[in-house]
Amino acid sequence: MNFSLTEEQLMIQQAARDFAQNELLPGVIDRDEAQKFPKEQVKQMGELGFLGMMVNEKYSGSGLDTLSYVLVMEELSKVDASSSVIVSVNNSLVCWGLETYGTEEQKEKYLHRLATGQIIGAFCLSEPEAGSDATSQKTTAIDKGDHYVLNGTKNWITNGGTAEVYLVIAQTDKEKGHKGINALIVEKGTPGFEIGPKENKLGIRGSDTHSLMFTDVKVPKENRIGEDGFGFKFAMKTLAGGRIGIAAQALGIAAGAYELALQYSKVRKAFGTEICNHQAIAFKLADMHTKIQAARHLVYQAACDKDAGENYDLSGAMAKLYAAETAMEVATEAVQIHGGNGFVKEYHVERLMRDAKITQIYEGTSEIQKIVISRSILRD
Ligand code: CAA
């Protein structure tokens, strides 16, 4: 494994680092407090090419590799995971899914605007009764010849209120189980499509999470992605890549919390010396640094597997599992190292700890990653 970055990758990493410090950091505490969507920052990220990083230039994307995308996710997430999840969903789930499985007409119609951030997209799989058990879709898409009629509810949808384009997974033929599921492109404003209130969340509070309700929504057949019955596989294949993006987000949260704790430990004094000179703190920093490096290797490896055209279901799941667990652990320790200050918003680490939690839950909980990993190693 050789993760020496190219000149171009280093430049992209630096651009994301600068953007995070200059544009995301100011106001991040207020946005978290007020649950304010980072509208202006999303526009800027679109201009920088961060919203369609892997999309081919012919569809107005940046035409970059997955490793570059991971580097950007890591840098943004060190500072503001609410903003980075918007980047992750738009890139990995919406743009990648459409570019890989959409028709030429669908790509022409939606990708240019999605890749440049003129509009953003949402991926709608979870339901009140279908979270981890994703095949149990209750939302129905009944085939009416030239269109589908969509009915049901989706839950916890990232970009739910701000998106213009929604990729909705729904059951067309219950008898066929997961082989009867379809993925449909639904535009905001389609009659019968309603957006529920914004969720009041523990973390990533600046991101925009909603329920969505569909009542007799007519969706033209040409909005189906892939063949009839391809919807579940579409969701699984898309999520496999999405997990690399969320793993990079978790890595960034861990690295951001660690960097703050390291700096703090060098200036805060107790018992007559800087606290980093106490073994209790130094050993915590040693564990945090080691776990972050291990997570980074797993995340970069998964990205390289995807770029090399290898199967990345296993490496992506391992990266997501380990990076998410590391994010939670490291952010919690960063709060501990900060002591009383860690409990106060202006030191940032309490927010990183709250933001870390979701990485163990969305795009497949840690337990789901263990299902994917164990099935893969037992099959081979
Ligand atoms: N690629 C291609 N096909 C896949 C696949 C993959 N990675 N994983 C599964 N499949 C296929 C299987 O091969 C099978 O097809 P066949 O019968 O033709 O072989 C079919 O899908 C069903 O697979 P399983 O029998 O393994 O299904 P299961 O019911 O046991 O569930 C699971 C598998 C991995 C647990 C899956 O349900 C899962 O991933 N659950 C978690 C869902 C999830 O991640 N939700 C996140 C919501 S999106 C989100 O969070 C976005 C956001 O806003 C941030």
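Contact means heavy atoms within 4.5 Å of each other. Helices (H or I, at least four residues) and strands (E, at least two) are DSSP runs, numbered from the N terminus. This is a predicted model, in which local features need pLDDT of at least 70 and side-chain atom pairs count only at pLDDT 80 or more, while totals for chains, interfaces and linings use all residues. Residues are numbered from 1 along each chain as its sequence is written, and side-chain values use heavy atoms, with hydrogens and water left out.

**Stop 1: H5 against H7**

Select H5 and helix H7 (residues 231–267). Their axes come within 9 Å and cross at roughly 155°. Axes are lines fitted to C-alpha atoms, for helices over the stretch in contact, and angles run from 0 to 180 degrees between N-to-C directions. H5 is therefore roughly antiparallel to H7. The cut-offs: under 35 degrees is roughly parallel, over 145 roughly antiparallel, 65 to 115 roughly perpendicular, and the rest oblique. The H5–H7 crossing is right-handed. A crossing is right-handed if the near helix is turned clockwise from the far one by less than a right angle, and left-handed if anticlockwise.

Now show the side chains. On H5, pick Ala81, Ser84, Val85, Ser88, Ser92, Leu93, Trp96, Gly97 and Tyr101. They meet Phe234, Lys237, Thr238, Leu239, Gly241, Gly242, Gly245, Ile246, Gln249 and Ile253 in H7. By class, this contact has nine nonpolar residues, nine polar and one charged. Here Ala, Val, Leu, Ile, Met, Phe, Trp, Tyr, Cys and Pro count as nonpolar, Asp, Glu, Lys and Arg as charged, and the others, Gly among them, as polar.

**Stop 2: H5 against H6**

H5 contributes Asn90, Val94, Cys95, Leu98 and Glu99 to the contact. H6 contributes Gln106, Lys107, Tyr110, Leu111, Leu114 and Ala115. Seven of the contact residues are nonpolar, two polar and two charged.

**Stop 3: H9 against H10**

Select H9 and H10. Their axes lie 8 Å apart, at an angle of about 160°. That makes H9 roughly antiparallel to H10. This crossing is left-handed. From H9, show Lys320, Ala324, Ala327, Met328, Ala331, Thr332, Ala334, Val335 and His338. Facing them in H10 are Val349, Glu350, Leu352, Met353, Ala356, Lys357 and Thr359. The contact holds ten nonpolar, three polar and three charged residues.

**Stop 4: the largest pocket**

On a 1 Å grid over the protein atoms alone, a pocket is an open set of points with protein on both sides within 12 Å along at least five of seven lines; a cavity is a set where a 1.4 Å probe fits but cannot get out; lining residues have an atom within 4 Å of a point. Grid points are joined across faces, edges and corners, and a volume is the space filled by probe spheres set on the points.

The largest pocket has a volume of about 1,300 Å³. Centre on Leu239, Arg243, Glu363, Gly364 and Ile368, the closest to its centre of the 43 lining residues. Elements giving two or more lining residues are H5, strand E3 (147–158), H7, helix H9 (313–338), helix H10 (349–359) and helix H11 (366–379). Colour the lining by class: 20 residues are nonpolar, twelve polar and eleven charged.

**Stop 5: the second largest pocket**

This one has a volume of about 260 Å³. Select Gln21, Lys78, Val79, Glu259 and Leu260, which lie nearest its centre among 14 lining residues. Helix H1 (7–24), helix H4 (66–79), H7 and H10 each supply at least two. H7 gives the most, with four. The lining divides into five nonpolar, four polar and five charged residues.

**Stop 6: the cavity**

The structure holds one cavity of 30 Å³ or more. The largest cavity has about 60 Å³ of space. Select its lining: Val28, Arg31, Asp32, Lys36, Pro38, Asp80, Ala81, Ser82, Gly206, Arg351 and Asp355. Helix H2 (28–34) provides the largest share, three residues. By class, the cavity lining has three nonpolar, two polar and six charged residues.
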